[in-house]
Amino acid sequence: MLYSNVTPEQKRVKLRELLASGTVQQFPGAFNPLSARLIEEKGFAGVYISGAVLANDLGLPDIGLTTLTEVATRAGQIARMTDLPSLVDADTGFGEPMNVARTIQELENAGLAGCHIEDQFNPKRCGHLDGKNVVDSDTATKRIRAAADARRDLNFLIMARTDIRATDGIQAAQDRAKALVDAGADAIFPEAMADLSEFQAIRDAVDVPILANMTEFGKSDLFTVDQLQGVGVNMVIYPVTLLRIAMGAAERTLESIKAAGTQEAEVENMLTRARLYELVDYEAYNQFDTGVFNFQVPGVR
Ligand SMILES: C[C@](O)(C(=O)O)[C@H](CC(=O)O)C(=O)O
Ligand SMILES: [Mg+2]
């Protein structure tokens, strides 16, 4: 009932264990708190909270318009609804190193297990689009050092994302990954890898866990868990997948209602009322104090 009873500290320990397991851990992107429940129920290892989804959900493009407050608030709402560890996309960390330090503490306060901070210039771009720019190594490593020093829970995961592959190639990505690890990064997110051999190149360059971003319509093919396991990847995210599929269904349904004058044909594709109640654990609320409350809805389907 209400929120997860697993503490943020426990979730951070869990995330560390998952990343040390030697097998690829799948983190689908939750587009709202309820979808995090679904991700947990279906047996995934953890929940990813995408900056693109957060921005797009507000009707905005993913170009660094969202604020720390918006991201920490929404990520906290998602994280508290699941027992799983949640990793959030903190974009460029919302400013200079001191802002990055505050970002980390706010995300700790919001109950996240970790976050990633990237080396793009502001305004940032989607990592799979052309025309993005990266900061120099000094600026990038200062961001990560500030992040690592700011945490009060040493298990809060600081993942450094580098977008440098697109601008300077895979060798530069290897060098940048090494520098970010030296600056205190616990894990590396090499963005927009062209193929599996590039993930292998990053694996060869650093000893920390690495993440694969399997976003659709991007620069990378959609590799399977087995393929990613083969090149030493530790964690895979499907950041925008659930939002894309949900919005696709919403669009088709609106068209269908418009054309048919009723949603009747779409009902079979819907989450039923009973299933929705199950996901929000309606029954537990009923049990809370049956003497005072009685929310029973007999025969719900
Ligand atoms: C992972 C990512 O940073 C995100 O915000 O989810 C995006 C995903 C996308 O736009 O498809 C990215 O820059 O790759
Ligand atoms: Mg992002």
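Before the first stop, a word on axes: each one is a line fitted to C-alpha atoms, for helices over the stretch in contact, and angles run from 0 to 180 degrees between N-to-C directions. With that in hand, select H6 and helix H8 (residues 170-182): their axes come within 9 Å and cross at roughly 35°. Keep in mind that you're looking at a predicted model.

Stay on that pair for a moment. H6 passes H8 in a right-handed crossing. To see who does the touching, show side chains for Ser137, Ala140, Thr141 and Ile144 on H6, then Arg176, Ala179 and Leu180 on H8. Colour them by class and this contact of H6 with H8 splits into 4 nonpolar, 2 polar and 1 charged.

How do the axes of H5 and H6 cross? The crossing of H5 over H6 is right-handed.

Now pick out the residues in this contact. From H5, select Pro97, Met98, Val100, Ala101, Ile104 and Gln105; their partners in H6 are Lys142, Arg143, Ala146, Ala147, Asp149 and Ala150. Sorted by class, the contact of H5 with H6 comes to 8 nonpolar, 1 polar and 3 charged residues.

H5 has another neighbour to visit. Bring up helix H4 (residues 68-79), which packs with H5 at an angle of about 25°, the axes being 9 Å apart. H4 and H5 are therefore roughly parallel to each other. As H4 passes H5, the crossing is right-handed. Select Leu68, Ala72 and Ala75 in H4, and you'll find them meeting Thr103, Glu106 and Leu107 in H5. The class count for the contact of H4 with H5 is 4 nonpolar, 1 polar and 1 charged.

Go to Phe94, in the loop between strand S3 (86-89) and H5. Phe94 isn't a glycine, yet its phi is positive, at about 70°. Then jump to Pro123, in the loop between strand S4 (114-118) and H6. What kind of peptide bond joins Asn122 and Pro123? It's cis, with omega about 0°.

Now click on ligand 1. Which residues come nearest? Of the 13 around ligand 1, they are Ser50, Ala52, Gly127, Thr215 and Pro239. By class, the shell around ligand 1 divides into 4 nonpolar, 7 polar and 2 charged residues.

Last stop: zoom out and colour the chain by domain. Domain 1 takes in 8-239, and domain 2 takes in 247-288.

Methods:
Residues are numbered from 1 along each chain as its sequence is written. Chains are lettered from A and ligands numbered from 1 in the order in which they are written. This is a predicted model: local features need pLDDT of at least 70, side-chain atom pairs count only at pLDDT 80 or more; totals for chains, interfaces and linings use all residues. A crossing is left-handed if the near helix is turned anticlockwise from the far one by less than a right angle, and right-handed if clockwise. Helices (H or I, at least four residues) and strands (E, at least two) are DSSP runs, numbered from the N terminus. Two residues are in contact if their C-beta atoms, placed from the backbone, lie within 7 Å. Ala, Val, Leu, Ile, Met, Phe, Trp, Tyr, Cys and Pro count as nonpolar, Asp, Glu, Lys and Arg as charged, and the others, Gly among them, as polar. Domain bounds come from an automatic or database domain assignment. A residue is near a molecule or strand if its C-beta atom, placed from the backbone, lies within 6 Å of it. Angles under 35 degrees count as roughly parallel, over 145 as roughly antiparallel, 65 to 115 as roughly perpendicular and the rest as oblique.
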